[in-house]
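Student: I would like to learn how to read a structure like this one, feature by feature. Could you walk me through it?

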Amino acid sequence: MSKILFLNACVRPESRTYILAQHVLDKMDGIIEEVKLEREQIMPLNWETLQKRDIYSQNHDFSAPMFRYAHQFVDADEIVIAAPYWDLTFPASIRIYFEAVTVCGLSFKYASDGTAQGLCKAKRIIYVTTAGGLISEYNLGYDYIKALSHIFYGIPEVICYKAENLDIKGANVKAIMENSIKEIGKR
Ligand SMILES: Cc1cc2nc3c(=O)[nH]c(=O)nc-3n(C[C@H](O)[C@H](O)[C@H](O)COP(=O)(O)O)c2cc1C
């Protein structure tokens with residue numbers, strides 16, 4: 001059975017991003033492991049945890065609990081990210097999550113020329129976002145995940161489903177959402 005990692009960064013109980021992500025997941029086959037980032041409360045690295053992480057990394061010992069998110073990410077066959085469009089990117093929990101996942105020797109390694117080589121199993125990430133206004137070319141959260149995937153993790157395909165303009169006065173939210181759900185259905 002294929003392992004689908006669902007990174008859920010949605011915060012509002014009635015999250016539209018979550019609704020779209022559910023449509024994506026409904027079309028996939030496999031066992032879904034959900035990481036609800038708000039519940040996980042992952043802490044950013046500080047001096048103490050950074051030092052520990054560096055020592056573990058130097059010894060190539062990744063058995064400590066601090067590496068559990070990285071192991072899960074590396075082992076996933078497919079990854080779905082649900083991230084509301086916040087401040088042109090995503091909720092800060094996503095940035096902290098990827099700080100925990102981007103570990104040299106575990107999710108990537110450096111070649112002798114300084115380029116990174118990905119160590120992750122997944123071939124694809126599906127990124128889902130919804131925005132109050134227009135995203136246009138400033139899909140910076142998606143662009144960031146794409147860059148991490150290509151440069152570090154070796155995950156070749158990153159695609160995005162989105163719904164925009166949901167908070168505009170007079171917006172036909174139902175129609176915008178249905179349109180996005182139709183796009184997902186075409187996949
Ligand atoms: C903290 C915060 C920051 C936001 N920043 C933006 C933004 O930069 N651009 C935008 O178009 N909408 C912004 N929004 C609106 C959300 O993108 C929009 O309401 C989205 O649909 C929320 O997703 P959800 O329904 O899954 O919670 C922001 C909302 C919040 C709460």
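Student: Where is the place of Trp-47?

Tutor: Helices (H or I, at least four residues) and strands (E, at least two) are DSSP runs, numbered from the N terminus. Trp-47 belongs to helix 3, residues 47–58. A word on the source: this is a predicted model, in which local features need pLDDT of at least 70, side-chain atom pairs count only at pLDDT 80 or more, and totals for chains, interfaces and linings use all residues. Residues are numbered from 1 along each chain as its sequence is written, and side-chain values use heavy atoms, with hydrogens and water left out.

Student: Is Trp-47 buried or exposed?

Tutor: Buried means under 20% relative accessible area, exposed means over 50%, and partly exposed is in between (1.4 Å probe, protein chains only). Trp-47 has a relative accessible area of 62%, so it is exposed.

Student: Which residues make the nonpolar surface patch?

Tutor: Patches are made of residues with over 30% relative accessible area and no salt bridge; like charges are joined within 9 Å, and nonpolar side chains (Val, Leu, Ile, Met, Phe, Trp, Tyr) within 5 Å. Here Leu-45, Trp-47 and Leu-50 make a nonpolar patch of about 300 Å². Accessible areas come from the Shrake-Rupley method with a 1.4 Å probe, and for residues only the protein chains shown count as cover.

Student: Now the ligand. Which residues come nearest?

Tutor: A residue is near a molecule or strand if one of its heavy atoms lies within 4 Å of it. There are 15 residues around the ligand, and Arg-12, Ser-15, Thr-17, Tyr-85 and Asp-167 come nearest. By class, this shell has six nonpolar, five polar and four charged residues. In that count Ala, Val, Leu, Ile, Met, Phe, Trp, Tyr, Cys and Pro are nonpolar, Asp, Glu, Lys and Arg are charged, and the others, Gly among them, are polar.

Student: What lies 2.6 Å from an oxygen atom of the ligand?

Tutor: Let me start with the term: a polar contact is a pair of N or O atoms within 3.5 Å; within protein, one must be able to donate a hydrogen and the other to accept it, and residues adjacent in sequence count only if both atoms are side-chain atoms. At 2.6 Å from a ligand oxygen is an N or O atom in the side chain of Arg-12. The backbone takes part too: an N or O atom of Arg-16 lies 2.9 Å from a ligand oxygen, and one of Gly-132 lies 3.2 Å from a ligand oxygen. Taken alone, the ligand exposes 640 Å², of which the protein buries 74%.

Student: How many salt bridges does the structure hold?

Tutor: Side chains of opposite charge can pair when their charged atoms come close. A salt bridge is a side-chain nitrogen of Lys or Arg within 4 Å of a carboxyl oxygen of Asp or Glu. The structure holds 10 of them. One pairs Lys-174 with Glu-178 at 3.3 Å, N to O. These two are four residues apart in helix 7, so about one helical turn separates them. Lys-174 is exposed at 60%, while Glu-178 is partly exposed at 43%.

Student: What about Lys-36?

Tutor: Lys-36 forms a salt bridge with Glu-38, with the closest N and O atoms 3.9 Å apart. Lys-36 is buried, at a relative accessible area of 17%, whereas Glu-38 is partly exposed at 39%. Gln-41 sits in the loop between helix 2 (37–40) and helix 3.

Student: Where does Ser-107 lie?

Tutor: Ser-107 is in the loop between helix 5 (92–101) and strand 4 (108–110). Its relative accessibility is 0%, so Ser-107 counts as buried. A polar atom of its side chain lies 2.6 Å from the backbone oxygen of Val-101.

Student: Last one: what is phi of Leu-88 near?

Tutor: Most residues other than glycine have a negative phi. Phi of Leu-88 is near 70°, a positive value in a residue other than glycine. Leu-88 is found in the loop between strand 3 (78–82) and helix 5. Asn-165 also has a positive phi, near 65°, and its place is the loop between strand 7 (157–163) and helix 7 (173–185).
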